[in-house]
Amino acid sequence: MGEALMQDRLLPETTHQDMANAIRALAMDAVQKADSGHPGMPMGMADVATVLFTRFLKFDAAHPDWPDRDRFVLSAGHGSMLLYALLYLTGYPEMSIEEIRNFRQLGSRTPGHPEYGHAPGIETTTGPLGQGLGNAVGMALAERLLNHRYSDEIVNHFTYCLAGDGCLMEGISQEAISLAGHLKLGRLIVLFDDNQISIDGPTDLAVSDDQLERFRASHWHVARVDGHDPEAVALAIENARGVTDKPSLIACRTVIGYGAPSKAGTAATHGAALGEEEVAGTRMSLGWHHEPFEVPKPILASWRAVGTRHRAAFDAWAQAASRLDASARTHLTDPIDAKVQKGIKAAIEAIKSDFAKDGGKLATRQSSQKVLERLMPVIPGLIGGSADLTGSNGTLTKLHTILKPGDFSGTYIHYGVREHEMAAAMNGMALHGGIVPYGGTFLVFTDYCRPSIRLSALMGQRVIYVMTHDSIGLGEDGPTHQPIEHLAALRAVPNLNVMRPADSIECAECWEIALLAEDTPSILALTRQGLKLLRTSPTNENLSAKGAYVLIEPKGGRDVTLIGTGSELSLAVEAARLLEGDGIKAAVVSMPCFELFATQDESYRNAVLGSAPRVAVEAAVEFGWDKWLGPDGTFVGMHGFGASAPAQDLYKHFGITTDAVAAAARDLVRKTKKVG
């Protein structure tokens, strides 16, 4: 890939340096105008990005959702102006020069860190370092999965990830590197901005890893280049593209803030505007004698030509895709179309009927496994997995096949003990399109997944987290494994459905909710211990979809309302029977999902909760329950960490029992009568 080939793609008046300097100028001008941002990385990696976009990256700016485009992930999301500049220069819709001018301003398409959905061409939300690398592994995995299911003609692209020193210091990077190398994701290429500068100063203040040897140890192809030598960068990318059985790392030695006369190569360019004097000096140093935000027409025209150079490839792909049947075309991007939705509903109705007929006592993790067996034939893009807890989570069925290194025919992924990367990879698969990912671990280990769960919610991705062993009911493993505060912490995340089904019927309904929630991730909090079937006569209506519903309504009005979730709903049911013997009329409300209940209209919520005093029971902390209990309600649950013992002993020890719920209800009724 020599200079002559590159010039074929540029107008005669422009050079590689002109195009790279356009990125640098836009980056420093936008950060200077905002007086906020990170100019150093975009200025340092401008040469690498120019080579990638002008010579290799398969994309068409006019068709940003082309399913077979190469993916470009900016894991070092603080350098967002690199991405925004590239999107503007190549002519992506909605990325105007005005958006560049409005960098980091309220309502702009150019926030401080790239946010998925803000503008076409932003493949994922990055900023928390290392997340983009984890997503890129998922995207590369999705590409191989779909390539096997379609063909090279339909799915055959690369995933490029730009990562910095910080990304590689984050713990998630090791999980991502290890998984990608193990799976032989040969179409993943990581461009490492090896500028040796962090916020605090030189990276040797905190790290002395040999990154090439680190990646090589995880079975990656590795190379090191001068990041300001376009021919060396091009050769390294060309070589990496030829390695089919290993992902590739290209360490690009760069100067952060390249071109800045006094600040280049220092931490001063990392996270602050250069300053007017330094910006003027940089213009002189680079030979960029143009006004802020001005890109000369010949240079802009060359960049715009880059944005259209794969138009013929897009047209050829579109012609090939037109030969697929309509369903196969749709499933390339969305595996759950209208037909599949009907299939899901039918499968859920059938399994609910079976659960009711059988009437057996099942842990909801077991119920979930049975539901998955019904769903697998219905959803071609459903890809499961677990972080080394397959048997415990119940995430593998008889219908799954195991994905193996280099063999992407499977439908089930052994993620190993890599909870964080499992979550990040599932985000990447969902973002890629064509895949509905679910993955399992213990609920307590959402702590290891939480940054990625938060990003699932922020990006509005349909990712399903199957989190089992959801309370002290897991028993003898003790407080290290017993989630106490986790439900409350997860319920605090916006746009996340946290569902805790109380029996097999609710479990099936929660799976339906999760699969049909196109823009919302879901947590399925499932039990280790067996649960009685509480809804013995299920209807086709999905009652759990409203978040809460009345399971038992006493005749003649309520004296008290008992609210339960998950395994503790049965305690509320039993307490209602005890109270009936005392002449106290107790309603029982199942509340599998706070978030869905909160979206119902006020009249429905009032009808479910009623006006009688309320008692809630859940084997977790009380935090968050006040919204439903009101000022005079009582909570029966945990007030500290758990302990190691058989489950039934723990429930007694911590006072989460039928008798405790009934006693709390009696006290409330007594107080209410006194006040009355």
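Modeller: Two strands are taken to pair if DSSP finds at least two bridges between them; helices (H or I, at least four residues) and strands (E, at least two) are DSSP runs, numbered from the N terminus. This is a predicted model, in which local features need pLDDT of at least 70, side-chain atom pairs count only at pLDDT 80 or more, and totals for chains, interfaces and linings use all residues. Residues are numbered from 1 along each chain as its sequence is written, and side-chain values use heavy atoms, without hydrogens and water.

Biologist: Which residue of β16 stands opposite Ile552?

Modeller: Strand β16 (residues 586-590) and β14 are antiparallel and share three bridges. Opposite Ile552 stands Val588.

Biologist: How many residues of strand β8 are buried?

Modeller: Buried means under 20% relative accessible area, exposed over 50%, and partly exposed in between (1.4 Å probe, protein chains only). From β8 (residues 382-386), Leu382, Gly384 and Ser386 point one way, Ile383 and Gly385 the other, and all are buried. In a regular strand, side chains alternate between the two faces of the sheet. The buried count for β8 is five of five.

Biologist: Which residue of β9 is the bridge partner of Ser386?

Modeller: Strand β8 pairs in the parallel sense with strand β9 (residues 412-414) over three bridges. In β9, Ser386 has as its bridge partner His414.
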